[in-house]
Each structure stands twice: as structure tokens, then as C-alpha cells.
Amino acid sequence: MLAVPLGLWLEATTGQGLLEQVKDHPITVFAVFVILGLASYVPIVRGYTLKEPFANHNFGFNWTPKAENWNGRIAMMGFTGMLFTEWISGVNTLQAWGLQSIPFPHL
């Protein structure tokens, strides 16, 4: 889930799309994926199973495993959508949605 806002934030600050970011900084991107992947195992290490709710009482929420699965699926679809948007349009996601100006250096 954190990869989507992180990718959008980097697009906004650098002007580079996700594919450019991966091409320019492959080791950093790989390290972020490894760290986020390892962090997803924290509930398992703490002893939670898929049959009980996570003890996440921050802000009064108690997420169930089913809600966490749906949250992860929606985040994966969002990240894939960002990649497809960039691949098809040739500009980053923020530029494709009109939220960031598109530089035209040749004009």
C-alpha cells in the first residue's frame, strides 16, 4: 500500500514517472520493495493468524484479515494502473491526470 503514495510523491517532486525512477535508481527501488515486503511479515512474526483480527487499535480501528486482504488487492491494482497509465500515455500518472504540467522542451 505504501508504494502507491511513495511513487506519486516521487513523481510530484522529481517529475519522473515510475518507469524512469526504476531505470535511474534500480537498487533503491529494489531495496524499498524488499523492506516493504519484509514489513508485511510483521503480523505473522507477532503471532497473528488469518483467522483473528489484527490488534491495530490506532485511531479506533481494528482491521480484520479480510479487510487487509482487500486493501492489499486494491493497492496492487492502483500500482499496476499507475504503470499502465505511464506506459500507454508516455507521461507520468500525475501528468496524465492533469495534476502536473507536462514540460515540452522542444517548443
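How many aromatic pairs does the count come to by the ring rule? The count comes to 2; point 3 describes them.

1. Basis. This is a predicted model: local features need pLDDT of at least 70, side-chain atom pairs count only at pLDDT 80 or more, and totals for chains, interfaces and linings use all residues. Residues are numbered from 1 along each chain as its sequence is written, and side-chain values use heavy atoms, with hydrogens and water left out.

2. Overall build. The protein has 6 helices and 0 strands. Along the sequence the pattern reads α-α-α-α-α-α. Helices (H or I, at least four residues) and strands (E, at least two) are DSSP runs, numbered from the N terminus. Buried residues make up 19% of the 107 residues. Here buried means under 20% relative accessible area, exposed over 50%, and partly exposed in between, with a 1.4 Å probe and protein chains only. The protein exposes about 8,300 Å², and carbon and sulfur atoms supply 71% of that area. The areas come from the Shrake-Rupley method with a 1.4 Å probe; for residues, only the protein chains shown count as cover. Of the contacts with a separation of 6 or more, 47% are between residues 24 or more positions apart. A contact means heavy atoms within 4.5 Å.

3. Aromatic pairs. A pair of rings is described by the distance of the centres and the angle of the planes. Rings of Phe, Tyr and Trp (its six-membered ring) pair if their centres lie within 6.5 Å; planes under 30 degrees apart count as stacked, over 60 as edge-to-face and the rest as tilted. The count of aromatic pairs is 2. Phe33 and Phe79 have ring centres 6.0 Å apart and planes at 80°, so this pair is edge-to-face. It links distant parts of the chain: Phe33 sits in helix H3 and Phe79 in helix H5, 46 residues apart. Phe33 is partly exposed, at 44% relative accessibility. For Phe84 and Trp87, the centres are 6.2 Å apart and the planes at 50°, so the pair is tilted. These two are 3 residues apart in helix H5, which means about one helical turn separates them. Phe84 is partly exposed at 46%, whereas Trp87 is exposed at 63%.

4. Second largest pocket. About 340 Å³ of space lies in the second largest pocket. On a 1 Å grid over the protein atoms alone, a pocket is an open set of points with protein on both sides within 12 Å along at least five of seven lines, and lining residues have an atom within 4 Å of a point. Of its 17 lining residues, the closest to the centre are Leu6, Leu10, Leu18, Gln21 and Val29. Helices H1 (3–14), H2 (18–24), H3 (26–39) and H5 (65–89) each give two or more residues to the lining. H1 gives the most, with 5 residues. The lining divides into 11 nonpolar, 6 polar and no charged residues. Ala, Val, Leu, Ile, Met, Phe, Trp, Tyr, Cys and Pro count as nonpolar, Asp, Glu, Lys and Arg as charged, and the others, Gly among them, as polar.

5. Gly17. This residue lies in the loop between H1 and H2. Gly17 counts as buried, at 0% relative accessibility. Beyond four places in sequence, Gly17 touches Glu11, Glu86 and Asn92. The C-alpha atoms of Gly17 and Trp87 are separated by 9.5 Å, though the two are 70 residues apart along the chain.

6. Gln100. This residue is in the segment after helix H6 (93–96). Gln100 counts as buried, at 19% relative accessibility. Not counting residues up to four places away, Gln100 touches Glu11, Ala12, Gly15, Asn92, Leu94 and Gln95. Its C-alpha atom is 7.4 Å from that of Ala12, 88 residues away along the chain.

Key. On a 1 Å grid over the protein atoms alone, a cavity is a set of points where a 1.4 Å probe fits but cannot get out, and a pocket is an open set with protein on both sides within 12 Å along at least five of seven lines; lining residues have an atom within 4 Å of a point. Grid points are joined across faces, edges and corners, and a volume is the space filled by probe spheres set on the points.
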